[in-house]
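Dear colleague,

Please find below the structure I promised to hand over, followed by an account of what turned up when I went through it.

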Amino acid sequence: MQTRMVEIPTPDGTADAFVAVPDEGGARPGVLLYTDIFGIRPVIREMAERLAEHGYYVLVPNVFYRRGAAPVLEVPDLTSAEERAAFFGRIMPLLQEHTPARAALDADAYLSFLAAQPEVATGRVGVVGYCMGAGLALRTAAEHRDVAGVACFHPGRLVTDEPDSPHRLAPNLTAEIHFGLAERDEAMPPEAVAALNKALDEAGVRYTSEVYPDTDHGFTMSDTAVYSPSGDETHWDRMLQLFARTLADG
């Protein structure tokens with residue numbers, strides 16, 4: 001396994017990103033991984049490496065690069081409710097600055113970087129997003145038809161009243177999508193899930209929407225207090241099956 005930090009030129013500067021790729025096997029499909037709000041950290045690197053072991057070139061960008069290299073803010077003990085709350089108070093302004101327009105510019109740069117790598121096969125690309133990264137994954141897929149598979153886990157608010165709400169992108173989606181939802185999640189309550197599914201159905205999107213039993217928002221992240229081993233393993237099963245189907249000819 002090869003891992004390294006790379007620099008990606010963007011219209012607004014240079015984004016740092018983590019890369020994981022198998023040592024052998026020739027060119028393989030590229031996968032763009034959008035993190036949760038806590039960004040690149042040991043657990044994310046481990047997840048990228050695990051995904052790469054299945055034959056993918058995995059790129060994990062620091063989406064807040066405009067404010068500095070990762071870690072933009074020191075990640076606290078995520079098992080502590082008090083430290084998490086304090087961190088959210090500091091990070092939310094950065095999230096608010098990351099507008100859909102900025103996200104679109106960055107997605108172009110990330111996918112261009114992947115396409116230029118000799119280890120990456122031409123053709124289909126996969127995208128996976130966690131929490132806030134799920135919305136970024138949908139926005140990326142809506143603008144890039146070479147994105148063939150998208151996996152969204154414990155997504156952030158995909159249904160809002162705003163005109164640029166992620167669920168309104170459904171008519172532009174051509175990828176197959178899996179939504180791995182937490183049973184207990186204020187960001188995606190049942191009425192939001194129903195609205196998302198309705199938008200996807202009306203647009204004819206190929207998707208699965210699954211509520212993972214006895215899980216809370218963030219259940220895939222083993223460095224948090226809400227980590228669910230069973231939910232995590234289900235997420236790996238669903239994601240790997242999705243990418244095996246959609247990226248096989250990448």
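**Cavities, pocket, cores and salt bridges**

The residues that line the second largest cavity divide into four nonpolar, one polar and four charged. Please keep in mind throughout that this is a predicted model. The second largest cavity has a volume of about 60 Å³, and its lining is made up of Val-63, Phe-64, Tyr-65, Arg-66, Arg-67, Leu-94, Glu-97, His-98 and Arg-102.

Two of these lining residues, Arg-67 and Glu-97, also form a salt bridge with each other, in which the closest N and O atoms are 2.5 Å apart. This pair links distant parts of the chain, since Arg-67 sits in the loop between strand 4 (57-61) and helix 2 while Glu-97 belongs to helix 2, 30 residues apart. Arg-67 is partly exposed, with a relative accessible area of 46%, and Glu-97, at 31% relative accessibility, likewise counts as partly exposed.

The structure holds two cavities of 30 Å³ or more, and the largest cavity has a volume of about 140 Å³. The largest cavity is lined by 18 residues, of which Phe-38, Gly-39, Ile-40, Asn-62 and Phe-64 lie nearest its centre. By class, the lining of the largest cavity has 14 nonpolar, three polar and one charged residues.

Sorted by class, the lining of the largest pocket has 15 nonpolar, eleven polar and ten charged residues. Helix 2 (81-97), helix 3 (100-116) and helix 4 (132-143) each supply at least two residues of this lining, and helix 2 gives the most, with five residues.

The interior comes next. In soluble globular proteins, nonpolar side chains tend to be buried together. In this model the largest nonpolar core has 54 residues, and those with the most contacts inside that core are Ile-8, Tyr-34, Leu-59, Tyr-110, Val-150 and Phe-179. Apart from this core lies another, of 29 residues, among them Met-47, Val-58, Trp-236 and Met-239. If residues up to four places away in sequence are not counted, Phe-179 touches Leu-138, Cys-152, Leu-158, Leu-196, Leu-200, Tyr-207, Thr-208, Ser-209 and Glu-210.

Which residues does Phe-113 contact, leaving aside its neighbours within four places in sequence? They are Val-6, Glu-7, Ile-8, Val-19, Tyr-57 and Leu-59, of which Ile-8 and Leu-59 were named above for their contacts inside the largest nonpolar core. Phe-113 itself lies in helix 3, and it counts as buried because its relative accessibility is 13%, where the limit for that class is under 20%. The C-alpha atoms of Phe-113 and Ile-8 are separated by 6.8 Å, although the two residues are 105 residues apart along the chain.

Finally, a search of the whole structure finds 14 salt bridges. In one of them the side chains of Arg-4 and Glu-119 meet, at 3.6 Å from N to O. Arg-4 lies in strand 1 (residues 2-10) and Glu-119 in the loop between helix 3 and strand 5 (120-130), so this pair ties together parts that are 115 residues apart in sequence. Arg-4 counts as partly exposed, at 29% relative accessibility.

A further salt bridge joins Asp-216 to Arg-184, with the closest N and O atoms 2.9 Å apart. Here, too, distant parts of the chain are linked, Asp-216 being in strand 8 (residues 207-216) and Arg-184 in strand 7 (residues 176-184), 32 residues apart. Asp-216, at 26% relative accessibility, counts as partly exposed, and Arg-184 is also partly exposed, with a relative accessible area of 38%.

With best regards

Conventions: Residues numbered from 1 in each chain as written. Predicted model: local features only at pLDDT ≥ 70, side-chain atom pairs only at ≥ 80, totals over all residues. Heavy atoms only, no water. Core = buried A, V, L, I, M, F, W, Y, C linked by side-chain atoms within 4.5 Å. Buried < 20%, exposed > 50% of the residue type's maximum accessible area, 1.4 Å probe, protein only. Contact = heavy atoms within 4.5 Å. Helix = DSSP H or I, 4+ residues; strand = E, 2+ residues; numbered from the N terminus. Nonpolar A, V, L, I, M, F, W, Y, C, P; charged D, E, K, R; others polar. Salt bridge = Lys/Arg side-chain N within 4 Å of Asp/Glu carboxyl O. 1 Å grid on protein atoms, 1.4 Å probe; cavity = no way out; pocket = protein on both sides within 12 Å on 5 of 7 lines; lining within 4 Å. Points joined across faces, edges and corners; volume = space filled by probe spheres on them.
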